[in-house]
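Reader: I have a new model open and would like to learn how to read its features one by one. Could you walk me through it?

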Amino acid sequence: MRSPVFIALDTPDIERAKTIASAVRNHVGGIKLGLEFFAANGPDGVKEMAALELPIFLDLKLHDIPNTVAKAVQALRPIRPAILTVHAGGGRAMMEDAKAAAPIDTKVVAVTLLTSLDGEDLHDMGVASDPHDQVVRLTELAKLSGLDGVVCSGREVKAAKTIWPDGFFVVPGVRPASGKTADQKRTVTPADAMHAGASIIVIGRPITGADEPDIAARAIEATL
Ligand SMILES: O=C(O)c1cc(=O)[nH]c(=O)n1[C@@H]1O[C@H](COP(=O)(O)O)[C@@H](O)[C@H]1O
């Protein structure tokens, strides 16, 4: 079985993205390309990365009115990513229309509550729930909307999976025990994320920021 680790290639530099992806390819299950990469390299850059023949997770976190998101997903169809993200906060109609516009074999998953946010941030935004309840509520909504799964932290994935046993669960904000959390607030270790029920885990800086990314990726793989 392929590794459950998707490496987040958060860089505008496509050559750097290719170098890291090539170095870690035997220790990861796929590559995640997000806003930073997409803003610099666009769909052609994503297609160029597809030549590496690793599954592509296109993390654009689409969040707009249903028509706009559906048209954006339609425009992305030629890329045929394995996984594509939208924000659950866009609501049910937006998620339904995003799924309907996506290629049949693309998993469309909804970001519930960013792993960079905690209960205090929710409070500041006027949301009365704690992170756990907010993730559970948005997971229910994503399920009702016909999506394939959600993105949540390792702290909530067990509860999310309880209400959606066959959902696909993406867990970022993953840190090896000694890793720097940086801007992430709801972190867990890779092994804890997998034990709690993650389908895949997303890891960026703990690998890409290491002197030798392949060794860092192999060390993480060995803990799983
Ligand atoms: O959708 C995501 O992948 C995502 C959702 C989320 O709640 N938190 C989160 O960190 N991510 C992404 O996961 C990656 C985490 O990167 P590192 O913090 O460097 O491991 C980044 O590319 C984020 O964009």
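Author: Gladly, and let us begin with contacts: two residues are in contact if their C-beta atoms, placed from the backbone, lie within 7 Å. Leaving out residues up to four places away in sequence, D64 touches V69 and G90. Keep in mind that this is a predicted model.

Reader: How confident is the predictor, then? What does the chain average in pLDDT?

Author: The average pLDDT is 97, and 100% of the residues score at least 70. The model also has an ipTM of 0.99 and a pTM of 0.98.

Reader: Back to D64. Where is the place of D64, and is D64 buried, partly exposed or exposed?

Author: Burial is read by counting: 20 or more other C-beta atoms within 10 Å make a residue buried, 12 or fewer make it exposed, and anything between is partly exposed. D64 sits in the loop between β3 and α3. It is partly exposed because 15 other C-beta atoms lie within 10 Å.

Reader: Which residues does UniProt place under "active site"?

Author: The unreviewed UniProt entry gives that feature to D59, K61 and D64. D59 belongs to strand β3. With 26 other C-beta atoms within 10 Å, D59 is therefore buried. Beyond its neighbours within four places in sequence, D59 is in contact with K32, L33, G34 and T85.

Reader: And the ligand? How many residues surround the ligand, and which are the closest?

Author: The shell has 17 residues, with A8, T115, P172, G204 and R205 the closest. By class, seven of the shell residues are nonpolar, six polar and four charged. Two strands, β3 (56-62) and β8 (200-203), each supply at least two residues of this shell.

Reader: What about the interior? How many residues has the largest nonpolar core?

Author: That core has 64 residues, and those with the most contacts inside it are I7, I31, A98, A110, V171 and I201. Take I201 as a case: apart from residues up to four places away in sequence, it touches P4, V5, V171, V174, P190, A193 and M194.

Reader: Let me try a helix residue. Is K18 buried or partly exposed?

Author: K18, in helix α1 (residues 14-24), has 16 C-beta neighbours inside 10 Å and so counts as partly exposed. Not counting residues up to four places away in sequence, it touches M49 and L52. From K18 to P43 there are 25 residues in sequence and 15 Å in space, C-alpha to C-alpha.

Reader: Last one: which residues does UniProt list for the domain?

Author: The unreviewed UniProt entry lists residues 4-220 for "domain: Orotidine 5'-phosphate decarboxylase". In the model, that span is 43% helix and 17% strand, and its end C-alpha atoms lie 11 Å apart.

Notes:
Residues numbered from 1 in each chain as written. Predicted model: local features only at pLDDT ≥ 70, side-chain atom pairs only at ≥ 80, totals over all residues. UniProt positions renumbered as here; feature names shortened; annotations may be inferred. Helix = DSSP H or I, 4+ residues; strand = E, 2+ residues; numbered from the N terminus. Near = placed C-beta within 6 Å. Nonpolar A, V, L, I, M, F, W, Y, C, P; charged D, E, K, R; others polar. Core = buried A, V, L, I, M, F, W, Y, C linked by C-beta atoms within 7 Å. pLDDT = per-residue confidence, 0-100.
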